[in-house]
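Hi,

Here is the structure I promised to pass on. My notes on its salt bridges follow below.

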Amino acid sequence: MFNGTTKNIYLLRHGKVEGKAALNGVSDVLVNPELQQQICDALVHQGIAVDAVITSPLKRCSDLAHLYAERMSVPLSVAPEFQEMNFGEVDGIAFDELEDKWAMLDTFWQDPSNHKLNGAESLRSFHERVTQTWSQLLNNPSDNLLLVTHGGVIRMLLAHCLDFDWKNPSLYSKLSIDNASITHIQVTQFAQSFISVKAIGLPVL
């Protein structure tokens, strides 16, 4: 007889943001409202069972989370710890305006755990922030949670759940987590926790 509990956590990366390509961390860039509505409609049609929605406070996530939670009549909470990494002085600045910073960016991409961008959050503190908040999330009473968040957060959570080295640059350069995609993690608590990654980066649209 199974007396454990199974929790489904759906990590949804926000839709494609407006504006030029940039390292958008804590910069509060927007997703076009029509696109937010399309993602919300597509989510509804997928028929995923969701008891509660949790969102990053940044509008590219929270605008969608509000739409979906209202549509499904489920509670919504904001988790600032699940916002994207802060990229410091290059955060939100278009890549084509960063010519003088390319050497610094290149060094960061090749070894992000040992090369902090100027004024930025370190990869280690980002890792600690996200994984500590994940541990708290596992105590949430809801069995089916939708977390609307960012590519960096999802990669960090996957590394944590799969026991991958979060310092490995390949996690950030080779693992594709597209906009408006769902990563499904299932946690079964029975004497101890068993984590199963059911899907990574499945497109919603």
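Lys167 pairs with Asp165 in a salt bridge (a side-chain nitrogen of Lys or Arg within 4 Å of a carboxyl oxygen of Asp or Glu), with the closest N and O atoms 3.7 Å apart. Lys167 is partly exposed at 33% relative accessible area, and Asp165 is partly exposed at 44%. For the cut-offs, buried is under 20% relative accessible area, exposed is over 50% and partly exposed is in between (1.4 Å probe, protein chains only).

Before you go on: this is a predicted model, where local features need pLDDT of at least 70, side-chain atom pairs count only at pLDDT 80 or more, and totals for chains, interfaces and linings use all residues. Residues are numbered from 1 along each chain as its sequence is written, and side-chain values use heavy atoms, with hydrogens and water left out.

Searching the whole structure gives six salt bridges. One of them joins Lys20 to Asp96, with 3.5 Å between the closest N and O atoms. Lys20 sits in the loop between strand 1 (5–13) and helix 1 (33–46), and Asp96 in the loop between strand 3 (76–78) and helix 3 (102–110), so this pair ties together parts 76 residues apart in sequence. Helices (H or I, at least four residues) and strands (E, at least two) are DSSP runs, numbered from the N terminus. Lys20 is exposed at 52%, while Asp96 is partly exposed at 45%.

Then there's Arg71 with Asp41, at 2.7 Å, N to O. Arg71 is in helix 2 (residues 59–72) and Asp41 in helix 1, 30 residues apart.

Finally, a network of salt bridges links Glu89, Asp100 and Lys101.

Cheers
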